[in-house]
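Visitor: Please pick a single part of this model and go through it closely. I would like to know how it sits against the rest.

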Amino acid sequence: MSNFGDKVQPAVKKETKNVAIYTVVGVVVMWVGFLILHLIWPEKIPFDYRVILGGIGGGAVAVLNFFLMGMAVQKAVSETDEAGAKRRMQASYSQRNLMQMLWAVLAIVLPCFQFAAGILPLLIPGTVIKLMGIKNSIKR
């Protein structure tokens, strides 16, 4: 009997690991930014457990979103029907966007999260992927 990890292709595992590393680094940089801004404007910029929880939650949702995208691509590539593959990707996109929107609403509404610290990590994977693409195109 195979487990879930056996069904994940090595490329999806590798890229999700890379995105997770970049996201953790990005969240830590965000926390440092919050701390610096808090030291400058303590009455306007918070730095407390809510910032930490927001970063952890947002980072987890960002990495999960990337992983689910990788799994959807993996499954779509194995589809024999092109229309079925397209539907699978569209459904995945919609579901992943819904997940991120739900997280954003929770980060805004629930008092245990600082909303900006919860939402900013969602931007990290896409930003890093674009920067890596630019870096690789400059190398060539």
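**A close look at helix α2**

Guide: Helix α2 covers residues 10-40, which is 31 residues, and its first and last C-alpha atoms are 45 Å apart, close to the 45 Å expected at 1.5 Å a residue. Helices here are DSSP runs (H or I, at least four residues; strands are E, at least two), numbered from the N terminus. The expected span is 1.5 Å times one less than the number of residues in the helix.

The model is predicted, so local features need pLDDT of at least 70 and side-chain atom pairs count only at pLDDT 80 or more, while totals for chains, interfaces and linings use all residues. Residues are numbered from 1 along each chain as its sequence is written, and side-chain values use heavy atoms, with hydrogens and water left out.

Consider the covered side first. The buried residues of α2 are V12, T16, V19, T23, G26, V27, M30, W31 and F34. Buried means under 20% relative accessible area, exposed over 50%, and partly exposed in between (1.4 Å probe, protein chains only). Their cover includes α3 (49-78), α5 (115-119) and α6 (124-139).

T23 is one of these α2 residues. T23 counts as buried because its relative accessibility is 2%. Apart from neighbours within four places in sequence, T23 is in contact with G59, A62, V63, I124 and P125; contact means heavy atoms within 4.5 Å.

The largest nonpolar core has eight residues: V27, M30, W31, F34, V51, A117, I124 and V128. Two or more of its residues come from each of α2 and α6, and α2 gives the most, with four. A second, separate core of six residues includes A62, W103, A107 and L122. Such a core is a set of buried Ala, Val, Leu, Ile, Met, Phe, Trp, Tyr and Cys residues joined through side-chain atoms within 4.5 Å.

Now the uncovered residues. V24 lies in α2 and is exposed, with a relative accessible area of 53%. V24, V28, V32, I36, L37, I40 and W41 form a nonpolar surface patch with about 600 Å² of accessible area together. Patch residues have over 30% relative accessible area and no salt bridge; like charges are joined within 9 Å, and nonpolar side chains (Val, Leu, Ile, Met, Phe, Trp, Tyr) within 5 Å. A salt bridge is a side-chain nitrogen of Lys or Arg within 4 Å of a carboxyl oxygen of Asp or Glu. Areas come from the Shrake-Rupley method with a 1.4 Å probe; for residues, only the protein chains shown count as cover.
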